[in-house]
Amino acid sequence: MSRRAKTSQTVKLIIMRITASSSGLQCHFPKYNSSELGNFRYPGQALPALPADVVAEVTHLATGPLGRSNLSIGYPVRIVAGRRSTLDSITSQPLPGARVCAQDPEGLGLQVMLAAGGVCGCANAGKPMLMDGKIGLGGELSALLKPFTHAFDAGQMFPTPSIARPGCNGRSVAACLGLRPLDQCDARNLAPRMSAGRFSRDVVGLPARAHATRGLFWWTSQSIAFIARPDEERVARLQSTMDNLGWQSLRPILGVHVRRGDTCLNGGADEIRKHKGRTCDELSIYLTRARVMIAAHGYRGVFLATDDATVAASAASNDAFGVPIILANADVDRKQLYGRGYYNKILRRMRDSDAMTDARVLLDDLFLLAACDGFVGKFTSNVGRLALALSNAWKGGDCVVPFESLDAEWCADFGRRTGSSIHGKF
């Protein structure tokens, strides 16, 4: 039996447990008190059964939306706290405790309930969020995490945000970015939207109270898995890309994220001055750690996600990693899109078509990095932090792939300078 079929059965069993434990299924934004499946409860209005599309969607998510065999080796989520790497700092060997990834029932049950809440929780919707369109898309997605948690703790459904980004023209995030909507409500009946970034500046990053024991990484993983679900068109395109790249034949694949862009303006000196906690590093810095990871874990290929075409060309021409390198959207030179200045300023003047291309390739990077079997990059990058969190949810919910951050420990407190890297606070 395939993993997708087994997971489909698991989802159905969970739903049966939920329906059997309640006199009538209460369909609303989920709020429950226990990780025991038989004790899950819905507050709000009764519904006789979960809609079939909810079951199908969660099954799809739980097996990895990109539809490939997602079996990986990983660690329990508790390993993330206080670490920049899953390699021993002295021996460069993998830390003990790795095992084959498996489904986490609490996470799977949560996704079922979140999907159901978006179908029938409109009467108790929280305040809709606006993504301002003034910063990078990784930051925009990170800014949604705190308002999402706030709504969850309040027992409210989190409506699909809208986005003011060039090219989106005030449309919802789902319609503009190729993501699945979070709800099926009539947006005209919802309250005026508020800035997710502004909201995040005044709130501490914490897990939802009902899941506090699982920790912030686990909660962030489940949150971003629900918020950033690729729609069917994007999934089909990414599946085609993976097939063309020979993805399956190269697994296990190490994802390497080399963010340069405006980080490297003026030699990167402004990043420290602006308290970003990062520097402009050459490919050689990433190569040193990536080669160690390849030797330790036996990766057979590298997916290189970078916004600098010269980095990609150098890596490919010099056989830099010692294993095959694959690239997505290699025909898009993002340096030409926004390499002329600081991203937040360039974005305001960017043509709609360029802004849409930029968003498409960044989300492709995020999703493909999440599909990899390991990660090397920087946790001062929103995309790097989100990719590792999303990967955990896609691989079962309690399975962190081997990772190596060049500068900071993983964190999730967007809008507040509480992160700490080897170069200072960010």
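Author: Let's settle one word before anything else: a residue is buried under 20% relative accessible area, exposed over 50% and partly exposed in between, using a 1.4 Å probe and protein chains only. This is a predicted model, where local features need pLDDT of at least 70 and side-chain atom pairs count only at pLDDT 80 or more, while totals for chains, interfaces and linings use all residues. Numbering runs from 1 along each chain as its sequence is written, and side-chain values use heavy atoms, with hydrogens and water left out.

Cysteine 411 has a relative accessibility of 19%, so it counts as buried. Cysteine 372 is buried too, at 0% relative accessible area.

Now the bonds. With a disulfide taken as a pair of cysteine sulfur atoms within 2.5 Å, the count is two. One of them joins cysteine 101 to cysteine 399, with 1.7 Å from S to S. Its S-S torsion is about -50°, so this disulfide, between cysteine 101 and cysteine 399, is left-handed. It links distant parts of the chain, 298 residues apart: cysteine 101 is in the loop between β2 (99-100) and α3 (105-120), and cysteine 399 is in the loop between α17 and β10 (403-405). Those labels are DSSP runs numbered from the N terminus, with helices being H or I of at least four residues and strands E of at least two. Cysteine 101 and cysteine 399 are both buried.

The other bond runs from cysteine 168 to cysteine 176, S to S 1.9 Å. The link of cysteine 168 and cysteine 176 is left-handed as well, with -65° about the S-S bond, and both of these cysteines are buried.

Back to α17, since the loop holding cysteine 399 lies between α17 and β10. Helix α17 covers residues 382-394, 13 residues in all, and reaches 18 Å from its first C-alpha to its last, close to the 18 Å expected; the expected span is 1.5 Å times one less than the number of residues. As for cover, 13 of its 13 residues are buried. Serine 381 caps the N-terminal end of α17, with a side-chain oxygen 3.2 Å from the backbone nitrogen of valine 383. Just after α17, glycine 396 takes a positive phi of about 130°.

Three strands form an open parallel sheet in the order β4-β3-β5. β4 and β5 (194-195) are its edges, each pairing on one side only. Two strands pair if DSSP finds at least two bridges between them, and β3 (residues 129-131) has two parallel bridges with β5. Methionine 129 stands opposite methionine 194 in β5.

Note on methods:
A polar contact is a pair of N or O atoms within 3.5 Å; within protein, one must be able to donate a hydrogen and the other to accept it, and residues adjacent in sequence count only if both atoms are side-chain atoms.
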